[in-house]
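Hi everyone, thanks for coming. Let me put the structure up on the screen, and then we can walk through it together.

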Amino acid sequence: MENQHQTSMSSTPLLAKDRGDSSPRPPAAAAATAVVILSTLVAISGSFVFGASVGFSSPAESGMISDLDLTLAQYSVFGSILTVGAMMGAVVSGRIADNFGRRGAMALSELLCLVGSLTIVFAKVAWLLDTARLFNGVGIGILSYVVPVYVAEITPKNLRGRFTAAHQLMICCGVSTMWLVGTIIHWRVLAVIGLIPSILQFLGVFFIPESPRWLAKNSRWEECEDVLKSLRGQHADTSAEAAEIKEYTETLQHLSEAKFLDLFKREYTRSLIVGVGLMVFQQFGGVNGVVFYANSIFESAGLSGRVGTLAMVAIQIPMTVVGTVLMDKSGRRPLLMISAAGTCLGCFLTGLSFLLQDFHMWNTEAPFLALIGVLMFSASFSLGMGGVPWVIMSEIFPMNVKGLAGSLVTVVNWLGSWMISFTFNFLMSWSSSGTFFIYCIICGATVVFVAMLVPETKERTLEEIQASMNPATSSR
């Protein structure tokens, strides 16, 4: 086994940069062409669907329970089964994207979401609603992986961060649209609105190019070069970028077909720790507890739940825009550390507010401390921790394990989301202040994790990032 590994390692060629060759490199700054912009917009339509599916259940709750005579338990199943479906979709997302292409995976996921949303529009019984919601979950589970991966694989290195971060921006837009519009329209109409971006993406994937990296992985070299030309512009010199993709892909083809247990080999350890670790810290910092139960948090602190939720919506989108703009300017690491530090402080202030109320101190000021804390958490999370882990996930895994690794990372994310949502009310009944102090510690640990292990990927090609993090993909 050791000899086999040494043979595969020694047989893999170096990238031009690693050899010290003076061959031309891709230009330092490439413009965003119309094809790149259109392709990204089509892809992130799926991100809006993702956000709309997550945000649907909160404003629809009272209307659905009243119209369909559902019990609270039945509606709880309807709300939570989305996460179950998303985990199912995440498990197969990488394999689907590898076998059918990035466009094929997006088309399939939207087909599932369309079936689910249409069924919700006409459903009149609980089991049909649950089945529809499960379909939606499977669809967004696939989308949560394939959208950032596709965008990262088509964009030039100097724009990749902000374009991929648009995935998180559109998730926020989808959630916020459901929260705001859902307060004034019927829940069935709200479900119809959710159909619009699904239709746009399903039709749009037939008019955008396939990922050039996926084409290269499948030895479709001429198509890869043609797609690169269309993405970078007909007058752009894509020879260096095409050569780097081809050389790196041929390097990976010397390695055997990856199986799930191969992910845990030494050569992929760093990528796996970074990818899984970021998703663990993203979820276990308490974001879904704060988002799903924002109303009850504000009410527990003596404030209006509606006012607090609207304040969260008002701050999330602008801060996500700021994070998206800064992604390729400040870099991934600074954004992550500042964002994690801000969520840490936000959790501390919220926990302190509940602690003061437990001891009947600062009775007038303490509720506002909770409002400041939750809004600081929401703003800080939107700045970096919401989007950057997905950007880095799409960058660090080489093509031979990207499908398997991406599925694992996405499953971990959805599993963490479910665990935090499930345990939040139990933790709050145990100790409101203790709950947020636990989240505070986890957010603080995130800063240390990023500082010690997460690489800066700004303005580096995917091939450079993956070769530097995964020794199996370049010769010693």
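I'll start with the chain as a whole and then move on to a few helices and side chains.

First, a reminder that this is a predicted model. The secondary structure comes to 20 helices and 0 strands. Of the chain's 476 residues, 59% count as buried. If we take the contacts with a separation of 6 or more, 83% of them join residues 24 or more positions apart.

Now a helix for you to look at: α16, residues 366-385. From first C-alpha to last, this 20-residue helix reaches 27 Å, close to the 28 Å expected at 1.5 Å a residue.

Next, please find Ile44, which sits in helix α3, residues 34-68. Ile44 counts as buried because its relative accessibility is 6%, below the 20% cut-off. Which residues does Ile44 touch, leaving aside neighbours within four places in sequence? They are Val147, Ala166, His167 and Met170. Thr164 is 120 residues away from Ile44 in sequence, yet their C-alpha atoms are 8.9 Å apart in space.

On to the aromatics. A search of the whole structure finds 11 aromatic pairs. One of them is Tyr75 with Phe78, a tilted pair at 5.4 Å centre to centre and 40 degrees between the planes. Both residues lie in helix α4, residues 72-122, 3 residues apart, or about one turn of the helix. In general, residues three or four places apart on an α-helix point the same way, because there are 3.6 residues a turn. Tyr75 is buried at 5% relative accessible area, and Phe78 is buried too, at 1%.

Compare that with Phe436 and Tyr439: the ring centres are 6.0 Å apart and the planes meet at 85 degrees, so this pair is edge-to-face. These two are also 3 residues apart, about one helical turn, in helix α19, residues 432-453. Phe436 is buried at 1% relative accessibility, and Tyr439 at 2%. Together with Phe354 and Phe424, Phe436 and Tyr439 form one aromatic cluster.

Let's finish on the outside. Leu415, Trp418, Met419, Phe422 and Phe426 form a nonpolar surface patch with about 480 Å² of accessible area together. Leu415 belongs to helix α18, residues 399-430, and at 37% relative accessibility Leu415 counts as partly exposed.

That's my tour, so over to you!

Technical notes
Residues numbered from 1 in each chain as written. Predicted model: local features only at pLDDT ≥ 70, side-chain atom pairs only at ≥ 80, totals over all residues. Heavy atoms only, no water. Helix = DSSP H or I, 4+ residues; strand = E, 2+ residues; numbered from the N terminus. Expected span 1.5 Å × (residues − 1). Patch = residues over 30% accessible without salt bridge, like charges linked within 9 Å, V, L, I, M, F, W, Y side chains within 5 Å. Areas by Shrake-Rupley, 256 points an atom, 1.4 Å probe, with all protein chains shown as cover. Salt bridge = Lys/Arg side-chain N within 4 Å of Asp/Glu carboxyl O. Buried < 20%, exposed > 50% of the residue type's maximum accessible area, 1.4 Å probe, protein only. Contact = heavy atoms within 4.5 Å. Phe/Tyr/Trp six-rings, centres within 6.5 Å; stacked < 30°, edge-to-face > 60°.
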